[in-house]
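Today I'm going through pockets and salt bridges, one entry at a time. Here is what I had open while I wrote.

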Amino acid sequence: RLVAQYGDACNFFPLLGRSQPLYKLQVLRDHCEAASRPYEEIEKTTIDWVTISDAPVRHAFTVDQALAYFEDLAQMGIDHAIVIVDNLHEPDALAAYQERIIPAVHLMAVAGRSDSR
């Protein structure tokens with residue numbers, strides 16, 4: 001209720017799967033309606049570990065899996081995904097973000113937003 005009434009942004013943790021952020025986004029939407037505040041005014045963010053690797057590493061994404069993950073967040077209405085990159089020290093991980101992930105994510109449309117990214 002406080003975010004709906006006073007907040008400019010809120011952060012969600014998708015660590016437990018997509019159902020929790022979806023549920024919390026709906027709760028925020030309901031509280032915004034009750035407070036007569038446009039839901040779209042509030043910036044929605046997530047924070048999560050996103051390890052990019054083609055090697056069989058636990059909780060790792062390939063580039064294509066990472067792009068699908070970020071697309072899913074955008075479809076939920078998440079404006080920004082904050083990532084913790086466990087393997088940032090590996091040159092290939094940084095290159096994957098620079099060359100493929102960031103340019104593609106920048107072009108993704110966020111559900112509920114009319115402005116282009």
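**Entry 1: the second largest pocket**

Which residues lie nearest the centre of the second largest pocket? I looked them up, keeping in mind that this is a predicted model. They are P14, L15, D48, F61 and Y69, out of a lining of 14 residues. Of the contributors, α3 gives the most, with three residues. I also wrote down the volume, which is about 270 Å³. By class, I get six nonpolar, three polar and five charged residues in this lining.

**Entry 2: the largest pocket**

Next I turned to the largest pocket and noted a volume of about 390 Å³. Its lining has 16 residues, and F70, H80, A81, V105 and H106 lie nearest the centre. Here α3 (63–76), β5 (80–84) and α4 (91–106) each give two or more residues. Which element gives the most to this lining? It's α4, with five residues. I sorted the lining by class too: twelve residues are nonpolar, two are polar and two are charged.

**Entry 3: salt bridges**

A reminder to myself before the list: side chains of opposite charge can pair when their charged atoms come close. How many salt bridges are there? The count comes to four, and I looked at some of them.

- R37 pairs with E41, and their closest N and O atoms are 2.9 Å apart. R37 counts as buried, because its relative accessibility is 15% and the cut-off for buried is under 20%. E41 is partly exposed at 48%.
- D64 pairs with R100, with 2.8 Å between the closest N and O atoms. I like this one since it links distant parts of the chain: D64 sits in helix α3 and R100 in helix α4, 36 residues apart. R100 is partly exposed, with a relative accessible area of 42%.
- D79 and R113 meet at 2.7 Å, N to O. D79 is in the loop between α3 and β5, while R113 is in the segment after α4, so this bridge ties together parts that are 34 residues apart in sequence.

**Entry 4: one last check**

Is D79 buried or exposed? I found it buried, with a relative accessible area of 9%.

Key
Residues numbered from 1 in each chain as written. Predicted model: local features only at pLDDT ≥ 70, side-chain atom pairs only at ≥ 80, totals over all residues. Heavy atoms only, no water. 1 Å grid on protein atoms, 1.4 Å probe; cavity = no way out; pocket = protein on both sides within 12 Å on 5 of 7 lines; lining within 4 Å. Points joined across faces, edges and corners; volume = space filled by probe spheres on them. Helix = DSSP H or I, 4+ residues; strand = E, 2+ residues; numbered from the N terminus. Nonpolar A, V, L, I, M, F, W, Y, C, P; charged D, E, K, R; others polar. Salt bridge = Lys/Arg side-chain N within 4 Å of Asp/Glu carboxyl O. Buried < 20%, exposed > 50% of the residue type's maximum accessible area, 1.4 Å probe, protein only.
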